[in-house]
Amino acid sequence: MELYEYSAHKLSKMLSEKKCSSEEITKSVLDRAAATDEKVGAYLTVCEENALKKAREVDEKRGRETLHPLAGIPIGIKDNISTKGLLTTCASKMLYNYVPPFDAFVMKKVNAADMVVTGKLNMDEFAMGSSTENSYFKKTHNPHNLDCVPGGSSGGSAAAVAAGSAVISLGSDTGGSIRMPASYCGVVGLKPTYGSVSRYGLVAFASSLDQIGPFGRSVTDTAMLYSVICGHDNMDATSADREYPDFTALLNSDVKGLKIGIPEEYYGEGVDNSVKETVMNAVKELEKRGAEIVNILLPSTKYALNAYYIISSAEASSNLARFDGVKYGYRTENFTDLTDMYEKTRSEGFGDEVKRRIMLGTFVLSSGFFDAYYKKAKLVALDIVKEFNSAFGKCDVIATPATPATAFRLGENIGDPTKMYAADICTVTVNIAGLPAISVPCGKVNDMPVGLQFIGRKFSEQILLNSAFAVENIFGESKPINV
Amino acid sequence: MEYETIVGLEVHAELNTKTKIYCNCKNAFGLEVNTQICPICTGMPGTLPTLNEKVVEYAVKMGHATNCSINNVCKQDRKNYFYPDLPKAYQISQSDIPLCEHGYVDIMLNGEEKRIGITRIHIEEDAGKMLHNDAFQGSLVDFNRCGVPLIEIVSEPDMRSSAEAKAYLDTLKSILQYIDISDCKMEQGSIRCDVNVSVRPKGSTEFGKRVEMKNVNSFSGAMRAIDYEANRQIEALERGEEINQETRRWDDQKGVNVLLRTKEDAQDYRYFPEPDLTTIYVPLEKVEELKNDIPELPNAKIKRYVKVLGLSQIDAELIAENLPRCRLFDECVKICGYFGKDSVSPKNLSNWVLGDVSKYMNETGKDIADTPLDANLLCKIVELIETKVISNTSGKVIFEEIMNGNTDIDKIIEDKGLRQISDDSAIEKIVNDVLAANQKSVDDYRGGKTNALGFLVGQCMKASKGQANPAKCKELVLKYLNG
């Protein structure tokens, strides 16, 4: 067995027992990336030299200092997370040459834990999309079937972990951008509670919905990485000031007495029957192990997609206005005056999907339309929060499919934005309500992975991880896919 | 036809907090370009604002000082527009819920008091500055000013002339200085204003179409701009033209304004709640505490000086308009008691403060705080004069000595022999000697040349080396001449 095939928690143990070195692990992962990435296309930037240098440093430290359990473990980073001195393009022509002068909060944590950054991972441009087809640079392919998309927007982060070209990775989730690719690629992905991971240094898409989160091939790996990145940050006003437990130490697969809510709205029309069955089978397995199934209602779910696309696009239109060609990034070559420079830079620098959302967001915020769209969407958001609150009076977690279907084929939805948006139906409510949710593999349909999503109360990540851990005990940890 | 001018003002005042509003950069003027900046105030991707609480406190103080109600729960909003000096392409401001609203200030004009309504006061961030350099084709941007905290004070259209507008601006300025929240340095742009002007036939109760003028950089410029615009509108109306609601740019050097944009071209700022910041909440106890921090304000001071201390209106206004001056005066009054010691009246003190003290400050450009003078020393000088221990002339000598760093008044009197002779027998001897030596002048006086009296008293003062009490001398000389 090659080193890249092991999970992070196994590698951590092997490192502490001196059965291998970080340099060997890193080399194995980089070799795996070199061998697979032509087909998978997960990486935008590979930092071979820096990664090996860091790995050697950690190897030297080992024995002399107490190291973090994830010290020396390779990690891949979504390309919208600011990495000091390392290209951070957001998969956009607009930032094709942008090197941040500072590290994101999560990168400070990752570096402090002595993890080894192997590179930056592909994504939909500015995290807008559900297939990673909106990257300016390349398309990422699903390791389970290279003709299929890995999901998005964190497609590179999920595909790299699935292919073994990363052991663990960081992504971001604004409307399902971690959970959907995790589901499509058959890995574990956690979207943490809004405010539990600092957004400082995450290039903003929709500030009130964005959250950074971990990917792993196992629940334990995901818990370990989440423990690294969560925590209060006074540079982020929306960061929650609270203490977090050691999620890994508290992992427990016992589901006796766990009340699992099943909302009928997530099992209705538009959700593939075989996906429903696969998810329900997993839930029933948990029931056999002592969990209790409770039927709940989340009726506002039917408005969630509309509300989500209004709120996220409104915020995006403002957040992305700073990409104007003045200070950094792409600037058009020929222009006549300031307005011309703005128009050409933004027309040439942004892709179609980004422009579509900027236009939509600009429209819903314009005077005369604000009340009809943005304000109404915010009211829907309040209803969604209320319904979740009352549902959590009856259950501990809510179980749903993470996606309405398994991974679709590349190009299948590209011409139909609304069909593409519909793929987010199971995930957007969680962001609107600021809740945590996890996608864990629970079987396959036609050889393609299906993800079970657990949604929890705010800051109930431990319960989600434990529920996912129970599922993982039934279906097994994921292994790198042969491509 | 007779017309009435209607004026409303939007005043922007830079707050003198130590750091900027959303980052820890120094809030300072006049430093080398682009040295007081960081990734946050220059809007680098991924950065987030965190609110400087002092800004809220300062604005609440201004709200109290202008009799506003305080919205202790409010929010911040984004005002979206493109310009190179605005690196995020939005300004964080407040739209529908300002921190303070519904207040007023009373202004004094030609001895008449008038109340001007304050619509609202809100907090926001300043933008950078465009620079134009001959050596460089194109424009440069200095971001030092980005994120400097501002309050915008919006008045009701309650002013009826440029003189009232000027009085209003002077009043605001002195309030800002009294509560010490702004440096109020016009030449550094720390107070700027936009002027709204309309005209209507006298007697009409409906407002005319309003024209907004930008780029008004001084209070006197505001007067010129208002007078110019009112005349322009009146002339247009007289020609039978209509006034358009529009924005014009004031050119103070040429003394004219030019059309900037019409109502149709008005920008849509697409305000929406700033998702990167949480709700502003000021506990009610804090609101009250800040109210108690407000010192006696200029209007109240002037009234007290006139009614309680018996100063003239003009002296009261002169003292109150200069904060260091009125601090010195107030301290002196406090030391001497509100109704003065036996011989030191507020009037005596005011004469000194407005006389020698002001003269010294004006001539040297020094602040009182930078000199050895304090209230105790000044009170002592005045008391010594009024109790006839020293002459007025000697008082001036002592004042100068103090300003030169010699603050031991008793020693100055001894060293310079400034103690006044008030002892009757001693003075009588001097008078007798002088009269005996100046028989011609005595004869002149008795012959009707009464100005000989001054000469004789002068000779007595000279003979006493200036130490004789001049009133006493005069009394004795007259007694002899008329006797």
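A residue is buried if 20 or more other C-beta atoms lie within 10 Å of its own, exposed if 12 or fewer, and partly exposed in between, with C-beta atoms placed from the backbone. Keep that in mind for Lys256(A). Lys256(A) has 8 other C-beta atoms within 10 Å, so it is exposed.

Now the ground rules. This is a predicted model: local features need pLDDT of at least 70, side-chain atom pairs count only at pLDDT 80 or more, and totals for chains, interfaces and linings use all residues. Residues are numbered from 1 along each chain as its sequence is written, while chains are lettered from A and ligands numbered from 1 in the order in which they are written.

Back to Lys256(A). Where is Lys256(A) found? In the loop between α7 (219-229) and β7 (259-263) of chain A. Helices here are DSSP runs of H or I, at least four residues; strands are runs of E, at least two; both are numbered from the N terminus. Val187(A) is 69 residues from Lys256(A) along the chain, and their C-alpha atoms are separated by 25 Å.

Next, Gly103(B). It sits in strand β6 (residues 100-109) of chain B. Buried or exposed, is Gly103(B)? Buried, with 23 C-beta neighbours inside 10 Å. Contact means C-beta atoms, placed from the backbone, within 7 Å. Neighbours within four places aside, Gly103(B) contacts Gly63(B), Thr66(B), Asn67(B), Cys68(B) and Ile118(B).

On to a helix pair in chain B. The axes of α2 (residues 162-178) and α3 (residues 219-238) of chain B come within 9 Å and cross at roughly 155 degrees. Axes are lines fitted to C-alpha atoms, for helices over the stretch in contact, and angles run from 0 to 180 degrees between N-to-C directions. Over 145 counts as roughly antiparallel, under 35 as roughly parallel, 65 to 115 as roughly perpendicular, the rest as oblique. So α2(B) and α3(B) are roughly antiparallel. Which residues meet? Ser162(B), Ala165(B), Lys166(B), Leu169(B) and Asp170(B) in α2(B) face Phe219(B), Ala222(B), Met223(B), Ile226(B) and Asp227(B) in α3(B) as contacts.

One more helix. Helix α11 (residues 409-416) of chain B has eight residues, and zero are buried, so it lies largely in the open. Gly417(B) follows α11(B), with a positive phi near 60 degrees.

Last, the two chains together. Their contact takes 32 residues from chain A and 22 residues from chain B.

Key
Two residues are in contact if their C-beta atoms, placed from the backbone, lie within 7 Å.
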